Amino acid sequence: MIPRKTILPFAKPDISDEEIAKVKEVLLSGWLTTGKITEQFEETIKNFTKSKHAIVLNSATAGLHLALRSLNVNAGDAVIVPAFTFTATAEVVFRCNGIPLLVDVDRDSYLITEKTIMDFIDKYCEFRKNQLMHLPTKTIIKGIICVHYGGRVCDIDSLKNLAKKYNLFLGEDAAHAFGSMYKNKMIGSLTDFTVFSFYATKNITTGEGGAITTNHQDIAKKIRRMRLHGFDIETYKRKKNVYDVISEGYKYNLSDVLSAIGIVQLKRNPEMLLKRKFIHQYYQNQFKNLTGLKLNPEYEGSSYHLYTIEVPNRDKFANILKEQGIQTSIHFKPLYKMTYYKNKKLYSIQDYSNCEAIFKKILSLPIYSAMSEEDIQDVVDAVNFAYENLHQKKNQKKFVLPFLSHK
Ligand SMILES: Cc1ncc(COP(=O)(O)O)c(C=O)c1O
């Protein structure tokens, strides 16, 4: 196989002339920070997700942090999150001085489920006086943040029942899942809060950015205030030159320049999503005969943010793809394996048999709307090449010269 002349990046934003024109318009408008354009972006997210409130922020991490602060997660509290996620899902719990309790994920879907959470609760928790206590840390579990890994939505109904039973909030880290559906409903208004990411690699992007949607007015009000220093009124709405600071606050607002990109990206989302879906299906078809490979799980309503395979000899496989000019990535190294988390001495590897098995083999291939047909075919050819290469080598018997065979 002849390698590509240029490297195919693992991810690349899909930016058209329309985003450029809209940004130019804002740059020339005289107002660059949070203002009317951001308000417009929030309105379109609200309509798209059919939620009552949408607040845009400078990252999904900020959204997760503010969600926990609005729900009063403090020292002595804990929040259940999957172990198989990006650090942001859990780091925000530490930022509130609480403890993230890492739970194993389902072996097939890579999502947390009622079963994986219940296994954890049965082993480590006690429900008393309407509070769920984590016995080893003596913390009170306040809620669950589920993660819609790769764009596949967790089973919201069963998680909601579980949350209700144990008096917990339920929120969604939907950083991968803008445009994902659950039982034919757009996500964004199904639980206490949903957080989206508009980071550069995400399904729709503003370079850096995020949003939180919720149907709870009190949560929305607190978050809107906290995203800009706890001001009583947002800068662009201020009529007087004296303002008050009325709550805890952060600098998590999104600028109008970035919101301008978001408005156009959201409009183009259906077209970009179709392309991702096409690539997903094409890969599924092309790889179906590669025995020994576990392909990306099929899921009705996915937004196809990731395309993963599980492959033996993953690192060698990834190296061959790299030599062929195809960049790959790994989502995720489980959090209990990260130095910072390990040093906390809170997690025990025996609790994560599924994460362990997945992490050994998982590899993410490029899947994004800016890929050309040649790019897509190059990935397929490189995967086939790597598969044949490793498979054949594995099946080759070591050739031993007869006169040396006595050694
Ligand atoms: C599952 C998950 N949650 C949260 C985040 C954080 O998103 P952001 O970079 O917008 O803060 C990411 C980012 O990749 C992610 O993958």
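The model is predicted. The chain is assigned two domains: domain 1 covers 17–265 and domain 2 covers 269–392. Helix H8 (residues 256–287) packs against helix H1 (residues 17–27), and H8 also meets helix H2. Helices H3 and H4 supply residues around the ligand.

**The two domains**

- The C-alpha centres of domain 1 and domain 2 are 26 Å apart.
- Contact between them involves 30 residues of domain 1 and 26 residues of domain 2.
- On the side of domain 1 that touches domain 2, three elements each give at least two residues: helix H4 (87–95), strand E3 (99–103) and strand E8 (181–182).
- That side of domain 1 is made up of 14 nonpolar, eleven polar and five charged residues.

**Helix H1 against helix H8**

- The axes of H1 and H8 lie 8 Å apart, and the packing angle is about 150°.
- An angle over 145 degrees counts as roughly antiparallel, so H1 and H8 are roughly antiparallel to each other.
- H1 passes H8 in a right-handed crossing.
- From H1, the contact uses Glu-18, Glu-19, Lys-22, Val-23, Val-26 and Leu-27.
- From H8, the contact uses Asp-256, Val-257, Ala-260, Ile-261, Ile-263, Val-264 and Gln-265.
- By class, the contact of H1 with H8 has eight nonpolar, one polar and four charged residues.

**Helix H2 against helix H8**

- Helix H2 (residues 36–49) crosses H8 at roughly 30°, and their axes come within 8 Å.
- Angles under 35 degrees count as roughly parallel, which makes H2 roughly parallel to H8.
- The crossing of H2 past H8 is left-handed.
- H2 brings Ile-37, Thr-38, Gln-40, Phe-41, Thr-44, Ile-45 and Phe-48 to this contact.
- H8 answers with Asp-256, Ser-259, Ala-260, Gly-262, Ile-263 and Leu-266.
- The residues of this contact of H2 with H8 are seven nonpolar, five polar and one charged.

**Helix H3 against helix H4**

- The axes of H3 and H4 come within 9 Å, crossing at roughly 45°.
- H3 and H4 are therefore oblique to each other.
- Their crossing is right-handed.
- Ala-60, Thr-61, Leu-64, His-65 and Leu-68 of H3 meet Ala-88, Thr-89, Val-92, Val-93 and Arg-95 of H4.
- This contact of H3 with H4 contains six nonpolar, three polar and one charged residues.

**Around the ligand**

- There are 14 residues around the ligand, and those that come nearest are Ser-59, Ala-60, Thr-61, Ala-175 and Ser-197.
- Helix H3 (60–70) and H4 are the elements that give two or more residues to this shell.
- The shell around the ligand divides into six nonpolar, seven polar and one charged residues.
- Ala-60 and Thr-61 are among the residues nearest the ligand, and both also take part in the contact of H3 with H4.
- H4 also has a place at the domain boundary, where H4 supplies at least two residues of the side of domain 1 that touches domain 2.

**Backbone details**

- The peptide bond from His-331 to Phe-332 is cis, and its omega is near 0°.
- Phe-332 sits in the loop between helix H9 (314–323) and helix H10 (339–343).
- Lys-138 has a phi near 55°, a positive value in a residue other than glycine.
- The loop that holds Lys-138 runs between strand E5 (131–134) and strand E6 (139–147).

Notes
Residues are numbered from 1 along each chain as its sequence is written. This is a predicted model: local features need pLDDT of at least 70, side-chain atom pairs count only at pLDDT 80 or more; totals for chains, interfaces and linings use all residues. Domain bounds come from an automatic or database domain assignment. Two residues are in contact if their C-beta atoms, placed from the backbone, lie within 7 Å. Helices (H or I, at least four residues) and strands (E, at least two) are DSSP runs, numbered from the N terminus. Ala, Val, Leu, Ile, Met, Phe, Trp, Tyr, Cys and Pro count as nonpolar, Asp, Glu, Lys and Arg as charged, and the others, Gly among them, as polar. Axes are lines fitted to C-alpha atoms, for helices over the stretch in contact, and angles run from 0 to 180 degrees between N-to-C directions. Angles under 35 degrees count as roughly parallel, over 145 as roughly antiparallel, 65 to 115 as roughly perpendicular and the rest as oblique. A crossing is left-handed if the near helix is turned anticlockwise from the far one by less than a right angle, and right-handed if clockwise. A residue is near a molecule or strand if its C-beta atom, placed from the backbone, lies within 6 Å of it.
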